[in-house]
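Open the model in your viewer and keep the selection tool at hand. The stops below go one at a time, each with something to select and something to look at.

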Amino acid sequence: PEPGGFKTCQLVTNPLFHVSALHAGAVMLLASGVKSVWLTGRFDGATAMRTIERHQCTGWSFTEAVLHRLVNHPDVGKYDLSSIRTVGGGGSPIAPSLQARTREVFPNAAASMGLGYGQTECAALATMNFGQELRDFPMAAGRPLPTVELEIHDPLGERLPDGEDGEVCLRGPMVMPGYWRRAEETAATIAPGGWLRTGDIGHMDGGRLYLSSRKRDMILRGGENVYPVEIEKRIEDHPDVDECAVIGVDHPELGQAVKAIVVPHAGHDVTVDALHEWAAAALAYYKVPEQWDVRTEPLPRNASGKIMKDVLIAGGESRFVEE
């Protein structure tokens, strides 16, 4: 028992095939002797809240998709969630409006809420942003953790100065030695000097990492590099918007144009003109979407909750079936 009679109990809702559950969940919790409660199957917000209340869970680690489903659940006020003292997550940047809503739902965790950045190839976590720093810099992925070296490299592998976007590269004891029996993939991912090429685009500012996009998601519009994350988070901060994805589409003159696929909150209506005005108030003109698709069905996501942009771009059906 901890001071005040509390015991640590972690709710785990991430799938075990994902590093956030297997490494940061199962391995870490077992090694530290922490009680954990696991949900299986498709995530359900009411089930998660009922589990928190029943087991008096003190912590929860989330991805953006499941966080959104829980804190905006219509029955969120019917459950006692006061036992939660720590919440944190990652997988993708979390919009400031969603961060604020999370603090409202979990007031006892508001001061300690954290977001991190990492991937399987670096044992789950490389940077962390939490507490007051997260309030002050809500769009930052955080500062590198101890033992983590982080640099932003250009296509030739040269380090870029602060403020310039390039590939996020990591080095340290947490980086994998390589992919099992995949020498070519290992050589393409681990650069000379032991630097892990993450495939993510970002920049450093004030010692903090800011993510811009995945390499494959970058939009090249009329010679300008456009990164979807900034646009998506601006649109998702609109009070009528539930979720948004930004992609590049072919354009005869510009090469690519910016397109936003937007899903309003249930029962809310939002016009393209209103969305355009909202985006233009905070973004450079070339980042404001020229094409809009407002739809009612949820965006396609994979089993770990990430939006499947390949499905949106190709117009095909999701390969994942929710049961």
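A residue is called buried when its relative accessible area is under 20%, exposed when that area is over 50%, and partly exposed in between, using a 1.4 Å probe and protein chains only. The model is predicted, so local features need pLDDT of at least 70 and side-chain atom pairs count only at pLDDT 80 or more, while totals for chains, interfaces and linings use all residues. Residues are numbered from 1 along each chain as its sequence is written, and side-chain values use heavy atoms, with hydrogens and water left out.

**Stop 1: the aromatic rings**

Select Phe 43 and Trp 60; both are buried. Rings of Phe, Tyr and Trp (its six-membered ring) pair if their centres lie within 6.5 Å; planes under 30 degrees apart count as stacked, over 60 as edge-to-face and the rest as tilted. By this rule the count comes to four aromatic pairs. Phe 43 and Trp 60 form a stacked one, with 6.3 Å from centre to centre and 10° between the planes. Phe 43 is in the loop between strand E2 (35-38) and helix H2 (45-55), and Trp 60 is in strand E3 (residues 59-63), so the pair ties together parts that are 17 residues apart in sequence. Helices (H or I, at least four residues) and strands (E, at least two) are DSSP runs, numbered from the N terminus.

Phe 106 is in the loop between helix H4 (96-105) and strand E5 (114-117), and Trp 60 is in strand E3, so the pair ties together parts that are 46 residues apart in sequence. Phe 106 has a relative accessibility of 1% and counts as buried.

**Stop 2: helix H1**

Select helix H1 (residues 19-32). Which of its residues are buried? They are Val 19, Ser 20, Ala 21, Gly 25, Ala 26 and Leu 29. These buried residues pack against strand E1 (9-12) and E2, where contact means heavy atoms within 4.5 Å. Gly 33 follows H1 and has a positive phi, near 70°.

**Stop 3: Thr 198**

Go to strand E11 (residues 195-205) and pick Thr 198. Its relative accessibility is 4%, so Thr 198 counts as buried. Leaving out residues up to four places away in sequence, Thr 198 touches Tyr 117, Gln 119, Glu 167, Val 168, Leu 170 and Arg 214. A polar atom of the Thr 198 side chain lies 3.1 Å from the backbone nitrogen of Asp 200.

**Stop 4: an open sheet**

Select strands E15, E16 and E17. These three strands form an open sheet in the order E15-E16-E17, with mixed pairing; two strands pair if DSSP finds at least two bridges between them. Strand E15 (241-251) and strand E17 (291-294) stand at the edges with a single partner strand each, so one side of each is left without a neighbour in the sheet. Strand E16 (residues 255-264) and E17 run parallel and are joined by four bridges. To find one of these, select Ile 261, whose bridge partner in E17 is Asp 293.

How values were computed
A polar contact is a pair of N or O atoms within 3.5 Å; within protein, one must be able to donate a hydrogen and the other to accept it, and residues adjacent in sequence count only if both atoms are side-chain atoms.
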